[in-house]
Amino acid sequence: MSTENKNWEYADAVEGTGHIKLKEKYGLYINGEWVAPRSKTYFSSTNPHDEAHLAEVAQANKQDVDAAVIAAERAYHDVWSKITPAERGKYIFRIARLMQEQAKELAVIESLDSGKPIREARDIDIPLACNHLFYYAGWADKLDYAFPNQKKEPLGVAGQIIPWNFPLLMAAWKIAPALATGNTVVLKPAETTSLTALKLAEIIDEAGLPPGVVNIVTGFGDTGAAIVAHPKVSKVAFTGSTAVGKLIQKTIAGTDKKATLELGGKSANIIFDDAPLDQAVEGIINGIFFNQGHVCCAGSRLFVQENIADKVIRKLKHRMQSLQIGNPLDKNTDIGAINSSEQLKTINKYIDIGRKEGSECFQVDCALPNKGYYCKPTLFINVAQSSVLAQEEIFGPVLTIQTFRTIDEVIQKANNSPYGLAAGVWTDKGSKIFNLTSKLKAGVVWANTYNKFDPASPFGGYKESGFGREGGLHGLGAYLK
Ligand code: NAI
Ligand code: MG
C-alpha cells in the first residue's frame, strides 16, 4: 500500500475479483427485458482507481426513456395497482434477500466502479441498501396503519435520478418506498456508477417482478432531463447537485408532478470543550473523510470551542496521518479514489481557492498512487465565515475549521449557510444537545456520533439542501396522494 511516513505499515489485503460477473456490454432494462438502446450508443464505465474499463453501458435517448416510461405506466395500470399490498411486499422482500445473497459481489463491483473503500461498500452501502428494502417491504401491507383514516393512493410512474456517491444504496432508497406504496419506477443511475444498478436489474429480474414495474435506464444528464420532462411521469425523486435540482424545479413548475429533491450540504460538526475529545476526533474523521467526503451530509465545517481548538487540531492531524489511502479494494484502505477526474478537478480548484484565501492548509504527508484520481485529506484552519471554502459545497476530503466561544455564536455561524442538511454536536451535556437540536436549521442532527443511518429515520434538508424526506414513514408519504 502506498502510504509512507506512517507509524506502521499494513500488509496488502486486496479483495479478490474472481467471483464477480460483469457483462461486456449492458443494454437498458425496460419492460422486464434487456434491450439495445435506440440511440445505438454506449459509453464506458471505468474504475477511478486505475482508469481501467469495466463495462460498456447503454446511453438512453428520449425514445429510450419514452419506452421505459410507457412500460412503467402499463405495468402500473395492468398489474402493480391491482395486486394486493401483501404481494407487493413479498416481491420487495425477495429483492432484499437476493441482494443479501449477492452482497459480496455487489460490494466488490461498487468499490471498483465508484472508488469507495471495499470496507465501506461491504459494511455500510450494501447492508444498508438491503435494510432499506426489508424496512419498506414490511410497510407495503400496513399503509392503513401508517396513515390511519386517510385514503392514500399511489401516484403512478416515479422517475428517479440518483448520484454516484452511494450508487446501490441510493437506488434502494428510491425503489423501496415507491414499490411499497404501489408506484412503478424508471430509475437512472449516475453515469460514472451504473454497474450496481444494472446488477440490481438482474436481481429484480430474478425476483420475478412483473415486467415494467422497475425499469433501469442508463445515461447522462440529458437522459435524466428526459425522465423529468416526460408527461407520464407523476413523481420525480432526485438526489444530486443543487444546480440540477433547480433545473428540475423549473421543468416541473406548473405541472402536477410531485417531487422530492435531496441536494447538497455544508454541514456543521460542533465540538464543545466538555466533549470526549478522542471520540469527537473519530467523529470528525468519519464525518468528512468517510467515502472521500462524497457525502451530501458530510461534516465539512468543523466548529471547535476556542479553548480546546489547539488540542483538537493536534489530535486530528495525528489521526489523519494514520489514515490508509490507496487501492479501494484493499481491506485496510480508509480513503479510496475520488469518483471521477471532473470531481477531482473540482476539489483541487477549491483547495487552490482555500490557499489563496489565506487560511492555513494542512495535508496528510503521504504518497498517493501514481495513477487514478486521488486527493490527500486536507484541513483548512482559521477559515473566515465569509470565505468561499466555508460557504460552498466541495464534496471531497476537505475540512474547514472555525472556532467559537459561546453557544449563541456557534448556532449563528452554523446556520449561516445556504444549506441545511445535517449537523453534529459533541458534548457531555444532554441539555446542550437538546438546545442545539431545536435551533440548528438542519434536517438531521447527530449527537456524539456522525453519519449514522437507519431506514426508519427520515432524512432530508432545509433551504437549498432540498425538500421532502426519505426513510421512515415520511418516505412513504412522498409516494402517495
Ligand atoms: P449532478 O446533479 O449533475 O448528477 C446527479 C444525477 O443527476 C446524475 O445521475 C446525472 O446524470 C443527473 N443529471 C444531470 N443533469 C441532469 C438534468 N439536467 N436533469 C436530470 N438529471 C440530471 O451532479 P454531479 O455533476 O455529478 O456533481 C456535481 C456536484 O453536485 C458535486 O460536486 C456535489 O457538490 C453535488 N452532488 C451532491 C450529491 C448529493 O448527494 N446531494 C450527489 C452528487 C453530487
Ligand atoms: Mg465508474
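Me: Which atom of ligand 1 has a polar side-chain atom of E191 beside it, and how many Å away is that?
Reply: An oxygen atom of ligand 1, with the E191 side-chain atom 2.6 Å away. Taken alone, ligand 1 exposes 810 Å², and the protein buries 84% of that. Those areas come from the Shrake-Rupley method with a 1.4 Å probe, and for residues only the protein chains shown count as cover.

Me: Before we go on, what kind of model is this?
Reply: This is a predicted model, where local features need pLDDT of at least 70 and side-chain atom pairs count only at pLDDT 80 or more, while totals for chains, interfaces and linings use all residues. Side-chain values use heavy atoms, with hydrogens and water left out, residues are numbered from 1 along each chain as its sequence is written, and chains are lettered from A and ligands numbered from 1 in the order in which they are written.

Me: Back to the ligand. How many residues surround ligand 1?
Reply: There are 26 around ligand 1, and the closest are W164, E191, S241, L263 and E393. To be counted, a residue needs a heavy atom within 4 Å of the molecule.

Me: What do G240 and Q343 do there?
Reply: G240 has a backbone N or O atom 3.3 Å from a nitrogen atom of ligand 1. For Q343, a side-chain N or O atom is 3.1 Å from an oxygen atom of the ligand.

Me: New topic: how many salt bridges does a search of the whole structure find?
Reply: It finds 19. A salt bridge here is a side-chain nitrogen of Lys or Arg within 4 Å of a carboxyl oxygen of Asp or Glu.

Me: Which residue pairs with E470?
Reply: K174, with the closest N and O atoms 2.7 Å apart. E470 is in the loop between β20 (466-467) and α16 (472-477), and K174 is in helix α6 (residues 167-180), 296 residues apart. Helices (H or I, at least four residues) and strands (E, at least two) are DSSP runs, numbered from the N terminus.

Me: Are E470 and K174 buried or exposed?
Reply: Both are buried. Buried means under 20% relative accessible area, exposed over 50%, and partly exposed in between (1.4 Å probe, protein chains only).

Me: And what about K246, which residue does it bridge to?
Reply: E464, with 3.7 Å between the closest N and O atoms. K246 sits in helix α9 (residues 242-252) and E464 in the loop between β19 (462-463) and β20, so this bridge ties together parts 218 residues apart in sequence. K246 is partly exposed at 42% relative accessibility, and E464 is partly exposed at 33%.

Me: Which residues form a network of salt bridges?
Reply: E105, K199 and E202 are linked that way.

Me: Last one: where does Q59 lie?
Reply: In the loop between β5 (53-58) and α1 (62-80). Q59 is partly exposed, with a relative accessible area of 21%.

Note on methods
Polar contact = N/O pair within 3.5 Å; in protein donor to acceptor, adjacent residues only side chain to side chain.
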